Amino acid sequence: MQKSNQRSVGKAQKGTLPRLFKTIFHFYPVMMPLTVVLIIISAAVSSIPAIFMQNIIAIIEQFWQSGDWTAAEHAVFSKVAVLIIFYIISLISGFTFNQMMAIMTQGTLQKLRQQMFNGMQNLPIKYFDTHNHGDVMSYYTNDIDSLRQMISQSFPQLLTSAITVVTLFSIMLYYSLWLTLVVIVGIIGMFFITKKIGGGSARHFIRQQAAIGKEEGFVQEMMNGQKVIKVFCHEEASKADFDRINEALFNEARSANRYSNILGPIINNVGNVLYVFVAFVGGVLLTVKAPNVSISGLALSISVAVPFLNMTRQFAGNIGQVSHQINFIVMGLAGADRIFRLLDEQPETDEGYVTLVNAKEENGQLVETDARTGLWAWKHPHGDGTTTYTRLRGDVRLNQVDFSYDGKKTVLHDVSIYAEPGQKVAFVGATGAGKTTITNLINRFYDIADGKIRYDGININKIKKADLRRSLGVILQDVNLFTGTVMENIRYGRLDAADADCIKAAKLAGAHDFITRLPDGYQTQLSGNGANLSQGQRQLLSIARAAVADPPVMIMDEATSSIDTRTEAIVQRGMDALMKGRTVFVIAHRLSTVKNSDVIMVLENGRIIERGSHEKLIAEKGKYYQLYTGAFELE
Amino acid sequence: MLKVLMKSIREYKKPSLQAPIFVSLEVVLECIIPFITADLVNQIKAGCGLSVIIRDGLLLLLMAALSLTFGVIAGTTCATASCGFAKNLRKDMFYSIQNFSFENIDKFSTSSLVTRLTTDVTNVQMAYMTIIRLAIRCPLMLIFAFAMAFIMGGKMATIFLILVPLLGISLFLIIRKVMPMFKRVFKKYDRLNNSIEENVSAMRVVKSFVREDYEKEKFGDAASDVQRDFTRAERILALNGPLMQFCLYAVMVFVLTFGSYTIITSRGADLDVGQFSALLNYSFMILSSLMMVSMVFVMITMAEESAKRITEVLTEQSSLANPEHPVYKIADGSVDFDNVSFKYSAKAEKPALSDVNLHIRSGETIGIIGGTGSSKSTLIQLISRLYDATEGTVRVGGRDVREYDLETLRNQVAVVLQKNVLFSGTIKENLRWGNPDATDEELIAACRLACADEFIEKFPEKYDTYIEQGGTNVSGGQKQRLCIARAILKKPKILILDDSTSAVDTKTDALIRKGMREYIPETTKIIIAQRVASVESADRIIVMDNGKINAVGTHAELLENNEIYREVYQSQNKAGDGDAEK
């Protein structure tokens with residue numbers, strides 16, 4: 001199966017931004033609009049001082065000739081008092097929105113994380129078979145992290161800047177049209193510079209990401225093969241390769257960083273130039289006493305010019321702030337885009353309605369019960385309102401099954417299997433012959449067209465997936481244990497199992513002995529997929545885990561393949577004990593493992609080419625015989 | 001730690017020094033500009049002529065141009081310096097890793113090395129850029145703006161004497177409170193991500209046991225815990241903004257009241273309206289540089305962990321060194337173990353090998369058999385000095401392996417590792433790892449010997465077939481045969497196969513052994529195998545058990561006298577000698 005290795009690097013699709021806002025709003029229907037309002041208030045209020053400055057300078061102009069402070073005092077103080085009120089409003093709203101932003105940012109990330117994780121649990125196995133685990137992980141790390149910056153910093157900053165610019169603009173118009181025009185010309189210039197440099201910066205940023213990805217891939221491969229490099233004295237050659245890739249990354253990184261570094265000084269100094277022009281035009285207008293055009297109707301005076309100059313600076317500063325956020329926004333949106341795509345993945349569908357229930361026998365009839373009786377039944381509601389109960393026995397039948405993963409290449413042709421309760425059915429064949437595919441169909445990791453697989457006579461498509469899988473135990477070649485105690489790992493098979501049940505299962509699997517020798521026995525903490533245990537021990541735990549679940553049907557997919565023959569002998573005892581009385585499907589390379597099966601199926605290119613007991617197949621002198629005598633390679 | 005890291009600056013010392021210089025110049029100009037604008041405003045107010053405006057205006061434009069130039073140069077050199085530093089760090093780490101011995105390699109996991117080379121370097125790069133840019137800029141700006149404010153505002157500037165310590169102490173307290181919180185929560189966050197990874201790779205198990213809801217709940221608990229801690233820390237950090245606002249507002253109110261008082265009472269002598277906005281400008285500069293200082297501090301602390309991890313790699317000393325007067329010639333392919341014991345680490349309780357005495361003649365074929373954990377691989381790794389024996393001596397060609405030049409030794413003692421890898425590239429490129437100068441004929445000959453020729457010829461592009469990363473487009477058995485061919489190309493005196501034909505069918509396995517017997521008879525061959533059939537025909541077979549040599553002998557002798565050997569033989573023979581193993 002092809003895995004999609006490349007994560008999409010690049011710009012986000014359209015519609016990502018509105019969707020992100022909608023998502024945040026959905027999470028925080030009160031807090032989000034409230035925060036927006038508070039940011040608007042805070043930004044608007046912080047632009048207002050310009051007016052007060054104009055007022056106070058006007059007062060100063062009025063009184064400074066006389067030098068009479070007592071006369072001016074009242075006027076100044078009353079203005080300042082109002083200003084302080086504004087400031088208090090600004091501080092309160094600033095404090096509140098900052099706190100709310102912190103809560104909302106973390107909350108949104110958490111909720112997204114939970115949605116992603118929940119959604120992921122419901123995705124079909126196909127998704128995990130076709131996507132790199134590293135890529136899946138990077139949704140939770142890189143993409144979530146890029147969102148954090150954007151939500152907590154860039155969004156409030158953008159809103160603040162936008163509001164400030166609008167407010168300043170109206171105040172400017174209020175004072176003087178001519179000077180405002182000068183500012184507008186300057187702003188248009190700044191806008192283009194920001195767009196050009198900011199765009200360049202974003203472009204280089206994306207290229208830098210690609211270069212980082214390339215280097216990471218290379219390093220990953222080399223670190224993985226480090227011992228081979230040593231054995232072949234290939235160090236110098238790999239250093240040379242590395243230098244080439246490293247140099248390329250350096251060049252991209254330098255361009256990207258240079259762009260974002262020089263954006264600040266450029267915006268800043270364009271602001272300075274603008275300042276000079278405003279001062280110049282203001283000076284000219286003042287000197288020639290040109291008539292002013294403004295909303296306020298104020299004449300152009302020094303009390304207008306000074307705050308105007310301040311506003312010009314503030315204006316430029318805000319545009320500079322916006323330009324700083326461009327990279328974060330580009331990255332954040334790309335991250336949001338990928339996260340949404342994960343959330344949009346189609347979950348596993350399940351139209352099953354037949355459920356597995358505890359049952360007891362009354363007058364020869366199966367009756368549903370809440371108590372755990374050890375007797376299970378399929379509860380099958382019918383269209384006419386009646387419900388029938390079928391005893392769970394473990395009878396699995398495949399009738400002429402064809403299957404294709406991608407709709408193009410058929411991997412199973414006309415496969416028919418009849419496994420009666422308690423029988424052991426083995427699959428033998430090369431990698432890619434379709435052995436695992438058959439088990440994937442039985443537990444409905446992949447679905448086929450109706451009615452061709454029956455479990456206790458019921459079409460498995462009618463059985464609820466959860467109940468179907470609960471009735472099937474699985475032991476795989478790659479053992480996955482979870483961080484937690486040994487006991488917790490065994491209990492994973494049945495969450496309500498008592499300690500005694502888990503220990504019993506461990507004894508059955510032959511794991512009890514080594515567990516008691518662990519430092520803390522059953523309470524020994526495992527981490528890193530049971531890194532402190534040997535391969536054989538881990539496999540024994542996975543057998544115990546399956547044993548505690550006590551399913552009527554077991555699937556063992558290469559369960560002993562990565563264990564050496566001596567250890568296998570020990571594990572085999574546990575497996576034999578577990579298999580007793582169950583329907584078992586075994587996939588194995590080692591013919592010793594499958595030899596005592598009731599039926600052995602030899603698969604080749606998705607077809608069953610031989611079937612029968614070991615003795616029968618040996619006598620036939622076909623493919624199985626050749627495998628058995630070592631004339632063929634199972635690859 | 002700093003000393004180690006600084007060594008990697010090298011050719012980027014110049015831009016690293018230039019950057020702060022240009023940043024300083026930029027700061028000086030930035031601080032002077034408001035001074036001139038203040039003058040300009042005062043001039044305009046005083047009703048000066050256009051000529052003065054033009055003069056001051058031109059002066060300002062000149063300064064803006066200079067400031068821009070300095071800023072651009074500073075930004076560029078800064079980018080060069082920090083990215084260059086990062087490049088050198090990566091390079092030094094990679095080179096250091098290339099010199100790692102097996103023992104060093106065992107110490108670090110692949111993923112941790114990858115993180116160190118990528119994320120950690122990026123963190124340090126960011127911190128470095130912040131340091132050379134802001135660490136100079138902020139204090140300088142603080143002092144300059146402060147001085148200018150005093151020159152300009154006189155008594156007015158005393159407000160800063162109150163506000164700066166106030167803001168400084170508050171920021172300090174916030175950071176001191178928040179940093180440990182962040183460190184803790186980042187650890188939790190790592191654990192959370194690890195558990196996600198665990199879940200993703202165990203998805204088949206999760207689904208088979210129908211544990212989706214259980215996993216969701218487990219994740220939910222852990223994730224809300226992380227969220228709670230993050231929110232707590234972030235909320236404290238969010239006090240920064242309003243705090244800064246408060247200080248700015250305080251300055252504004254102060255300037256407007258006390259300022260107008262001063263102007264009016266002194267009739268513009270002590271202070272004038274032009275200074276009004278300049279003072280506000282300076283206050284913004286002073287306070288924001290304080291803010292930045294706190295940010296620099298945060299960044300450096302954040303990068304500290306990364307720097308530590310990088311230093312670990314840089315200072316890791318290879319546990320194997322070339323001797324001072326290395327021997328470049330290996331006499332023959334004989335191997336001797338004299339009283340050899342080996343521990344993987346000094347702390348290990350049990351030695352991996354103890355009291356091994358073994359003498360292998362040049363040209364002999366030796367089989368090694370034993371269960372997992374019996375130290376078969378450990379034994380052979382001492383021969384090419386992948387590890388050094390803890391006690392006793394290992395000799396090749398009659399000399400202690402520690403006397404040879406490492407490269408000479410490893411080229412003459414070719415090991416086909418158990419966990420072997422092919423690299424992305426064509427088959428030819430992969431094979432030439434064994435011998436970069438091998439001709440095509442030599443490649444084909446080696447592949448014939450390793451029985452790889454037959455399947456390579458079936459590929460449409462034959463020897464130019466591209467091998468994907470990790471060798472995913474060839475089967476296990478094909479991979480093993482390519483790895484054998486790659487080792488044969490070295491034309492070694494000793495060839496060691498560590499379970500290298502486990503995925504190859506018995507027939508081909510036998511053919512490979514036959515080929516080696518016929519075409520490279522002088523080469524000493526040491527074969528580790530799970531299958532008795534693979535070692536049956538060896539001159540001698542060594543049975544390993546628990547780090548000790550349990551028995552040495554021929555197949556017939558061992559079958560007769562050795563219980564372990566017999567047990568293994570029987571368990572395999574019950575199933576026919578043809579385990580169709582992977």
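Of the 635 residues in chain A, 46% are buried, where buried stands for 20 or more other C-beta atoms within 10 Å of a residue's own, exposed for 12 or fewer, and partly exposed for anything in between, with C-beta atoms placed from the backbone. The model is a predicted one, so local features need pLDDT of at least 70 and side-chain atom pairs count only at pLDDT 80 or more, while totals for chains, interfaces and linings use all residues. As for labels, residues are numbered from 1 along each chain as its sequence is written, and chains are lettered from A and ligands numbered from 1 in the order in which they are written.

Chain A carries 20 helices and 16 strands, these being DSSP runs (H or I of at least four residues for helices, E of at least two for strands) numbered from the N terminus. The C-alpha trace of chain A spans about 120 × 70 × 50 Å along its principal axes. Of the chain A contacts between residues at least 6 apart in sequence, 76% join residues at least 24 apart, a contact being a pair of C-beta atoms, placed from the backbone, that lie within 7 Å.

Now for chain B. Its secondary structure amounts to 20 helices and 12 strands, and 49% of its 582 residues are buried. Along the principal axes, the C-alpha trace of chain B covers about 120 × 55 × 50 Å. Among chain B contacts with a separation of 6 or more, 79% are between residues 24 or more positions apart.

The two chains meet through 129 residues from chain A and 130 residues from chain B. On the chain A side, helix 9 (residues 235-288) supplies the largest share, 27 residues. Sorted by class, that side holds 66 nonpolar, 45 polar and 18 charged residues; Ala, Val, Leu, Ile, Met, Phe, Trp, Tyr, Cys and Pro count as nonpolar, Asp, Glu, Lys and Arg as charged, and the others, Gly among them, as polar.

One helix pair spans the two chains: helix 7 (residues 177-224) of chain A packs against helix 5 (residues 110-153) of chain B at an angle of about 145 degrees, with the axes 9 Å apart. Axes here are lines fitted to C-alpha atoms, for helices over the stretch in contact, and angles run from 0 to 180 degrees between N-to-C directions. Helix 7 of chain A brings Ile212(A), Glu216(A), Val219(A), Gln220(A), Met223(A) and Asn224(A) to the contact, and helix 5 of chain B brings Thr110(B), Leu113(B), Val114(B), Leu117(B) and Thr118(B). That makes 6 nonpolar, 4 polar and 1 charged residues.

Chain B also has an open, mixed sheet of 6 strands in the order 6-9-10-3-11-12, with two strands taken to pair if DSSP finds at least two bridges between them. Strand 6 (413-416) and strand 12 (548-553) of chain B each have a single partner strand, so one side of each lacks a neighbour in the sheet. Direction ignored, neighbouring strands are turned by 15 degrees against each other on average.

Strand 3 (residues 365-369) of chain B pairs in the parallel sense with strand 11 (residues 540-545) over 4 bridges, and likewise in the parallel sense with strand 10 (residues 524-528) over 4 bridges. Ile366(B) has Arg540(B) as its bridge partner in strand 11, whereas the partner of Ile368(B) in strand 10 is Ile528(B). In a regular strand, side chains alternate between the two faces of the sheet. In strand 3 of chain B, Thr365(B), Gly367(B) and Ile369(B) point one way, Ile366(B) and Ile368(B) the other, and all are buried.

Strand 11 and strand 12 of chain B pair in the antiparallel sense over 5 bridges, with Gly553(B) in strand 12 as the bridge partner of Ile541(B). Their hairpin has 2 residues between the strands, and Asn546(B) takes a positive phi near 55 degrees there.
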